[in-house]
Structures are given as C-alpha cells and as structure tokens.
Amino acid sequence: MISLVYMLVKSQGIIAESLNITPYYKLAEFIFSIEGNTVSSFQTIMSPALTYFSAFIYLFGFSFLLIFTFVVLVCTGKISVLQEYSIAVVMAYLIAFPFYIFTPVKVTGYTLPTVVPLLYELNPVISEGLRSVDPYFDNCFPSLHAALSIIAMLLIVFRTDLKELKIVVVILALLIQFTIFYLGIHWIIDFIGGILLAGLCYYVATRYREKIVGKATVLFANTEKRKL
C-alpha cells in the first residue's frame with residue numbers, strides 16, 4: 001500500500017499535465033508575508049562540514065529512520081504498531097498529495113535571496129536525484145520530511161518499549177527538522193504543517209487501527225473470493 005502511494009506521489013507531474021491542472025502558486029507569497037526571512041537565521045552558522053553532515057542526515061538519515069522503523073517493528077513482532085505505522089504513512093502521503101499538485105510552494109533556497117540552496121548546489125548528482133522525486137522543487141507544504149520522521153518518532157517512543165531505540169529516534173528526528181531549514185528547503189509554516197499532519201495521522205492510526213485493518217481485511221477477503 002505504501003509503495004503504491006509513493007508511486008502515486010512520484011507521478012504527480014504526469015497526473016497534473018494529463019488533467020490540465022493549473023497550480024496555484026500564490027501560497028509561497030502568503031507564507032512569505034507571514035514569516036518573511038526567518039528561515040535565513042538557520043544559515044548564520046553555515047560551514048562546509050555542517051552542510052555535508054546536514055545533507056547526509058536529510059538524504060540518508062531520513063530514509064534510514066523510515067526503513068529502520070519498519071524493520072525493527074517487523075523483527076520485534078510488534079504487528080499492531082507496524083499496522084499503525086503503515087496507516088499513518090499512507091495517510092500522510094495521501095493528505096499531502098493534493099497540496100503538492102494544486103498549491104505547490106518553492107523551496108526557500110530558490111525563493112528567498114537571503115537563503116542559499118545548499119543541498120541542491122552541493123552536487124549535480126544530488127540535484128538530479130532530488131529532481132526525479134520533486135521535478136520543480138516545490139513539494140514543500142506540508143513537509144513530509146517533518147511529518148514522516150515525527151510519525152516514526154511518536155510511534156517508537158509512545159507505542160513500544162524499545163528504550164535504546166527511543167533515544168536514537170528522537171535525536172535523528174530532531175536533526176532532520178534542523179536540516180530542512182538549514183539546507184534551504186522548507187519554510188517554518190511547512191514544518192508546522194508537517195507537525196499537524198503527523199499528529200493527525202498518529203491519532204487516526206492509533207485510535208482507529210482495528211477498524212481500518214478490519215475493513216481492509218474484509219475487502220481483501222472479498223476480492224480473493226471473487227477471484228476464486
């Protein structure tokens with residue numbers, strides 16, 4: 001399910017073009033009118049070492065957190081939490097998807113003159129790799145890096161007894177939040193949107209997991225019967 005949703009998000013350009021969707025580009029101006037150049041303060045401590053470290057956390061630390069959370073929940077047999085994690089991730093993607101198509105927001109590095117697009121200028125390979133996921137660098141609101149990392153952190157911290165892992169997950173999630181600003185990617189409001197999205201998805205997944213999983217199981221069973 002998560003894989004299908006991820007493929008859907010990667011196809012947003014094709015979907016928008018095929019449906020002749022004209023995106024609304026004024027949201028970035030609205031965000032700027034609220035927070036101005038606040039994000040630029042994160043680059044006052046700019047240094048090559050910090051830039052490379054932040055890029056590593058953003059690109060690999062984030063992926064590691066999402067995949068490692070899934071693997072740990074599988075290996076420890078925490079199936080109910082694994083189901084909650086899957087539901088929350090799918091919800092986050094599906095809720096963010098319409099925003100990315102209808103109200104895209106450019107990254108701060110290519111919008112604010114006081115912010116340097118550190119991640120995108122670090123290496124052409126990185127830039128092209130990111131463009132394959134976000135062709136126009138405008139998938140900002142809400143921040144899925146914020147939302148998904150916070151979802152993983154909340155589930156590990158509050159829904160498991162893995163004490164050592166909790167510390168690692170909290171530190172990694174906090175570092176990810178710093179990198180989205182420092183590297184010239186997200187606005188403060190993107191981050192706030194990501195937090196709210198994470199909270200909503202966490203609440204629904206943990207409160208209604210049994211109902212959602214039950215309905216999915218019935219749907220799958222009925223589909224298999226029809227095949228037979």
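Which side chain of opposite charge is nearest to Asp-134, and how far away is it? In this predicted model, where local features need pLDDT of at least 70, side-chain atom pairs count only at pLDDT 80 or more, and totals for chains, interfaces and linings use all residues, the nearest one turns out to be Lys-106, 7.7 Å away. Residues are numbered from 1 along each chain as its sequence is written, and side-chain values use heavy atoms, with hydrogens and water left out. Lys and Arg count as positive here and Asp and Glu as negative, while His and the chain ends are not counted. What Asp-134 does have is a side-chain polar atom 3.1 Å from the backbone nitrogen of Asn-139.

Elsewhere, the salt-bridge count comes to 5. Glu-84 takes part in a bridge with Arg-159, with the closest N and O atoms 2.6 Å apart. That pair links helix α5 to helix α8, across 75 residues. (Helices are DSSP runs of H or I, at least four residues long, and strands are runs of E, at least two, all numbered from the N terminus.) Glu-84 also meets Arg-209 in a salt bridge, at 3.7 Å from N to O. Arg-209 sits in helix α11, so this pair ties together parts 125 residues apart in sequence. Both Glu-84 and Arg-209 are buried, whereas Arg-159 is partly exposed at 37%. Through shared partners, Glu-84, Arg-159, Arg-209 and Glu-210 end up in one network.

Then there is the greasy side of things. The largest nonpolar core has 41 residues, and Tyr-85 and Cys-201 are among those with the most contacts inside it. (Such a core is a set of buried Ala, Val, Leu, Ile, Met, Phe, Trp, Tyr and Cys residues joined through side-chain atoms within 4.5 Å.) Helix α5 gives the largest share, 12 residues. A second, separate core of 26 residues includes Trp-187, which lies in the loop between α9 and α10 and is buried at 0%.

As for disulfides (pairs of cysteine sulfur atoms within 2.5 Å), the structure holds 0. Cys-201, for one, has its nearest cysteine sulfur, that of Cys-140, 18 Å away.

Terms used. Buried means under 20% relative accessible area, exposed over 50%, partly exposed in between (1.4 Å probe, protein chains only). A salt bridge is a side-chain nitrogen of Lys or Arg within 4 Å of a carboxyl oxygen of Asp or Glu. A polar contact is a pair of N or O atoms within 3.5 Å; within protein, one must be able to donate a hydrogen and the other to accept it, and residues adjacent in sequence count only if both atoms are side-chain atoms.
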